[in-house]
Amino acid sequence: MTQRAELATVLDRLAVDELVTVYAVTVDDGDWTAYPGLFTPGGRADYRSSGGIEGEAGQVAGWLAENLARFAVRQHLIVNRRVRFGILEHDTGDTARVRADYFNPMRRTEGDGPAAPDLECGGRYDFGLLRTPEGWRIGEVVATEKWRRTAR
């Protein structure tokens, strides 16, 4: 691999890492207007393993807005990121797959009463990314919840 190719790979890796981080911050901050903009046109998200929905990013943003409103504090930590370039079925050299683990503690909104528990969960994300003229975007993301704990 030439130095130019190595540099391009490093720059892509940084851009992909930034996209995954922005995804987490967007969900934690509840920026549901920005959420669909992280995706390609027709991009999809799948939260079924945690009791959610699967669908087009705009539809999922609405579902997330409604269901995460009960949590005043959300902190998405995405770790152990493994990035592989050019491995999607329609590989054009401008694709990437990111598998990463997540830990997501959430605190209930005050006023939910003593019966409303806080929630912690963990699992794995599988992102399918595409390079677009606007930069890297999410074509698909599947969240697979592995564990969940509620605290009173």
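Visitor: Over how many bridges do strand 6 and strand 7 pair, and in which sense?
Guide: In this predicted model, strand 6 covers residues 118-132 and strand 7 covers residues 135-151, and a hairpin of two residues joins strand 6 to strand 7. Taken together, strand 6 and strand 7 pair in the antiparallel sense over 15 bridges.

Visitor: How many residues of strand 6 are buried?
Guide: Strand 6 also pairs with strand 5, in the antiparallel sense and over 12 bridges, and there Thr95 stands opposite Leu130 of strand 6. Strand 6 is mostly covered, and of its 15 residues the number that are buried is 11.

Visitor: In what order do the elements of the chain run from the N terminus on?
Guide: The chain has two helices and seven strands, with helix 1 at residues 3-29 and helix 2 at residues 57-68. Read from the N terminus on, the elements run α-β-β-α-β-β-β-β-β.

Visitor: Which residues are the bridge partners of Ala45?
Guide: Strand 1 pairs with strand 7 in the parallel sense over four bridges, whereas three bridges join strand 1 to strand 2, residues 54-56, and these two run antiparallel. Ala45 has a bridge partner in each of those two strands: in strand 7 the partner is Val141, and in strand 2 the partner is Gly55.

Visitor: Which residues have the most contacts inside the largest nonpolar core?
Guide: In soluble globular proteins, nonpolar side chains tend to be buried together. Here the largest nonpolar core has 34 residues, and its largest share, six residues, comes from helix 1. Tyr35 is in contact with residues that include Tyr23, Ala45, Tyr47 and Leu64, when its neighbours within four places in sequence are left aside. The residues with the most contacts inside this core are Tyr23 and Tyr35.

Visitor: Why can the buried residues of helix 2 be placed on the same side of the helix?
Guide: The buried residues of helix 2 are Ala57, Val60, Ala61, Leu64 and Leu68. They lie on the same side of helix 2 because the arc that they cover around the axis is only 105°.

Visitor: How far apart are the end C-alpha atoms of helix 2?
Guide: At the start of helix 2, a side-chain oxygen of Glu56 reaches to within 3.1 Å of the backbone nitrogen of Gly58. For the length of the helix, the calculation takes 1.5 Å a residue, so the 12 residues of helix 2 should span 16 Å. The value from the model agrees with this expectation, since the end C-alpha atoms are apart by 16 Å.

Visitor: Does His76 count as buried or exposed?
Guide: His76 is found in the loop between strand 3, residues 71-74, and strand 4. A residue is called buried when its relative accessible area is under 20%, and because the relative accessibility of His76 is 10%, His76 counts as buried.

Visitor: With which residue does the side chain of His76 make a polar contact?
Guide: Not counting residues up to four places away in sequence, His76 touches Ala24, Val27, Asp28, Phe103, Asn104 and Tyr125. One of these contacts is polar and joins two side chains at 2.4 Å, and the partner of His76 in it is Tyr125.

Terms used
Residues are numbered from 1 along each chain as its sequence is written. This is a predicted model: local features need pLDDT of at least 70, side-chain atom pairs count only at pLDDT 80 or more; totals for chains, interfaces and linings use all residues. Side-chain values use heavy atoms; hydrogens and water are left out. A nonpolar core is a set of buried Ala, Val, Leu, Ile, Met, Phe, Trp, Tyr and Cys residues joined through side-chain atoms within 4.5 Å. Buried means under 20% relative accessible area, exposed over 50%, partly exposed in between (1.4 Å probe, protein chains only). Contact means heavy atoms within 4.5 Å. The expected span of a helix is 1.5 Å times one less than its number of residues. The arc is that of the directions from the helix axis to the C-beta atoms. A polar contact is a pair of N or O atoms within 3.5 Å; within protein, one must be able to donate a hydrogen and the other to accept it, and residues adjacent in sequence count only if both atoms are side-chain atoms. Two strands pair if DSSP finds at least two bridges between them.
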